[in-house]
Amino acid sequence: MWPIYPVLTLVGAYCSVWWLYENLRTPILLLVNVLLQTLLPKRTFSAKYGEWAVITGASDGIGKGYAEYLARNRMDIVLIARNEAKLTQVANEISKKYSVRTKVLVADFSEGQPVYDHLAKELLPLDIGILVNNVGLSYEHATCMDELPKKTIWDLLNVNIASVTMLCHMLVPSMKQRRRGLIVNISSLSAAAPAPYLTVYSATKVYVRNFSMALREELRPHHVQVQTVLPGFVQTNMTAFVANEHKGGQVAKHLVQVDDYVRYAGFTIGKTDLTCGYWTHGLQYAGFKLVPEWFRIFVLQTIYNNLRKPRAHY
């Protein structure tokens, strides 16, 4: 029979090594890629991936930030969202500021399958190098799953899950044929553990995470990259209930501004296949991985329970 202390030492060493691998992998990949880029001839995103970048949910927030970042790096931009007026305004700003081509496509992903025929007609003729699946829907406020309207649940499934899946299904064949391309799928830090009172949203983001990481391996032999992004709280319309109704609270104090977030997240494009996008979110993710799942659930339950409004009647 083995002495207990050597066994515990081996177990501790094993767990430490894998935690370090999981959490240092991204910064190490970033460092390696930065060093390689200083040694190799620099290639633009359009030369490396293709002429056009497609961004969903591009009228504001993180989506708009990605559109501006990619336009600044000389890519032509396709902006997709449901608000035509906002999209047109963003497209005009980007075109004027960065002298790139822009294309506006109006699509309400909550409508489900009918949206994609129109998008396919407009997108498939283009040389699309980067797809940013950013469009997302959250709760108006943290609440119990059974108190959500049925329409909200269907909208969450259609917007958060179907859009990512169907746009990848639509555009991946062309990327595989050209043997180049990059897909950026925006998941969420809430995918790190089940999130009571944000149950359906959290579950959809787990889907995005698992889908992206599996798709990455399918497309690796075809030289098409897939990056999974796990943001924490960023100051957008999706987190408006935190910023507006809980001013001064601990969660509201830690909201990251969109420009700051996209500056960090944009830097990781093409350099790493998994990122939280912002350094403080990376630290939160690493901390989550240090504790058992029951404790992660407890932490998220406490956060979102504190963010709940008085029970609404639908």
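A nonpolar core is a set of buried Ala, Val, Leu, Ile, Met, Phe, Trp, Tyr and Cys residues joined through side-chain atoms within 4.5 Å, where buried means under 20% relative accessible area (1.4 Å probe, protein chains only). Here the largest such core has 35 residues, and Tyr66, Leu70, Ile77, Leu79, Ile94, Ile130 and Tyr261 touch the most other members. The model is predicted, so to speak of local features takes pLDDT of at least 70 and side-chain atom pairs need 80 or more, while totals for chains, interfaces and linings use all residues. Numbering runs from 1 along each chain as its sequence is written, and side-chain values use heavy atoms, without hydrogens or water.

**The cores**
- Helices (H or I, at least four residues) and strands (E, at least two) are DSSP runs, numbered from the N terminus.
- Helix 3 gives the most, with 6 residues.
- Apart from this core lies another, of 31 residues, among them Trp52 and Leu105.
- Leaving out residues up to four places away in sequence, isoleucine 94 touches Ala67, Glu68, Ala71, Ile77, Leu79, Ser99, Val100 and Thr102, with contact meaning heavy atoms within 4.5 Å.

**Asparagine 134**
- You'll find asparagine 134 in the loop between strand 4 (128–133) and helix 6 (150–178).
- Asparagine 134 is buried, at 11% relative accessible area.
- Beyond its neighbours within four places in sequence, asparagine 134 is in contact with Thr56, Gly57, Ile62, Gly63 and Ile186.

Conventions: Buried means under 20% relative accessible area, exposed over 50%, partly exposed in between (1.4 Å probe, protein chains only).
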